[in-house]
Amino acid sequence: MMTLTKQQSCWASPKFTIDCLLSNVSRQMEADGCVLEFSEDGCKTTTPDQMAVGDFVKVQLWLEGEEAFVDIRLAEVRRVHNHWIALEVIQVSQTDRVKLKRFLDTLAAMRTEAPAFIDHLLVRA
């Protein structure tokens, strides 16, 4: 029971937040940014190698030309390799999901290709 409670609290307030700007969209979304680690002492910038597969993170994904970021409330680390972090998007508000999909659809239309899959994000940090 203790493990379940600890796990639920990790979902509610992940230790890491990734602040990033969408930089490339082909088959998947790619972003450049930084990893912020939260603790009782405050917040500090850290490196991707401090994260492990299975960690839960929050993501602030900025889109070019937009004033507000897309708030990905929960994502799971699927892979960490060098300075790249592969994430699976788990929870994002319907409003932010629509905003992101509209942005990606517009980019895809300009390039005459299929829009990127929005449930996966690759971040260079």
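The model is predicted, so local features need pLDDT of at least 70 and side-chain atom pairs count only at pLDDT 80 or more, while totals for chains, interfaces and linings use all residues. Residues are numbered from 1 along each chain as its sequence is written, and side-chain values use heavy atoms, with hydrogens and water left out.

## The overall fold

The protein chain holds two helices and seven strands. Helices (H or I, at least four residues) and strands (E, at least two) are DSSP runs, numbered from the N terminus. Along the sequence, the pattern reads α-β-β-β-β-β-β-α-β.

The chain has 125 residues, and 35% of them are buried. Buried means under 20% relative accessible area, exposed means over 50%, and partly exposed lies in between (1.4 Å probe, protein chains only). The accessible surface comes to about 7,800 Å². Carbon and sulfur atoms own 52% of that surface. Accessible areas come from the Shrake-Rupley method with a 1.4 Å probe; for residues, only the protein chains shown count as cover.

Contacts also tell us about the fold. A contact means heavy atoms within 4.5 Å. Take the contacts with a separation of 6 or more: residues 24 or more positions apart account for 55% of them.

## The nonpolar core

In soluble globular proteins, nonpolar side chains tend to be buried together. A nonpolar core is a set of buried Ala, Val, Leu, Ile, Met, Phe, Trp, Tyr and Cys residues joined through side-chain atoms within 4.5 Å. The largest nonpolar core here has 29 residues. Those with the most contacts inside this core are Ile18, Val57, Val59, Leu61, Ile72, Leu87 and Leu104. Seven elements each supply at least two residues of the core: E1, strand E2 (28-39), strand E4 (56-62), E5, E6, H2 and strand E7 (117-124). E1 gives the most, with five residues.

Look at Ile18 in the model. Leaving out residues up to four places away in sequence, Ile18 touches Cys34, Val35, Met51, Val57, Lys58, Val59, Gln60, Ile85, Leu87 and Val123.

## The cavity

A search of the whole structure finds one cavity of 30 Å³ or more. On a 1 Å grid over the protein atoms alone, a cavity is a set of points where a 1.4 Å probe fits but cannot get out; lining residues have an atom within 4 Å of a point. Grid points are joined across faces, edges and corners, and a volume is the space filled by probe spheres set on the points. About 40 Å³ of space lies in the largest cavity.

Which residues line the largest cavity? They are Val70, Ile72, Val89, Val92, Arg97, Leu100 and Ile118. Strand E5 (70-81), strand E6 (84-92) and helix H2 (94-111) each supply at least two of the lining residues. By class, the lining has six nonpolar residues, no polar ones and one charged one. Here Ala, Val, Leu, Ile, Met, Phe, Trp, Tyr, Cys and Pro count as nonpolar, Asp, Glu, Lys and Arg as charged, and the others, Gly among them, as polar.

## Single residues

| Residue | Relative accessibility | Class |
|---|---|---|
| Val89 | 9% | buried |
| Glu76 | 17% | buried |
| Asn24 | 31% | partly exposed |
| Ser26 | 36% | partly exposed |
| Asn82 | 58% | exposed |

The contacts named below leave out residues up to four places away in sequence.

Val89 lies in strand E6. Val89 touches Ile72, Leu74, Ala75, Ile118, Asp119 and His120. Val89 and Val59 are 30 residues apart along the chain, and their C-alpha atoms are separated by 9.1 Å.

Glu76 sits in strand E5. The contacts of Glu76 are Gly54, Asp55, Phe56, Ala86, Leu87, Glu88 and Ile90.

Asn24 belongs to strand E1 (residues 16-25). Asn24 touches Met29 and Glu30. From Asn24 to Ala116 is 92 residues in sequence but 9.9 Å in space, C-alpha to C-alpha.

Ser26 is in the loop between E1 and E2. Ser26 contacts Glu113, Ala114 and Ala116. Ser26 and Glu113 are 87 residues apart in sequence and 8.4 Å apart in space, C-alpha to C-alpha.

Asn82 lies in the loop between E5 and E6. Asn82 is not a glycine, yet has a positive phi of about 55°.

Key. On a 1 Å grid over the protein atoms alone, a cavity is a set of points where a 1.4 Å probe fits but cannot get out, and a pocket is an open set with protein on both sides within 12 Å along at least five of seven lines; lining residues have an atom within 4 Å of a point.
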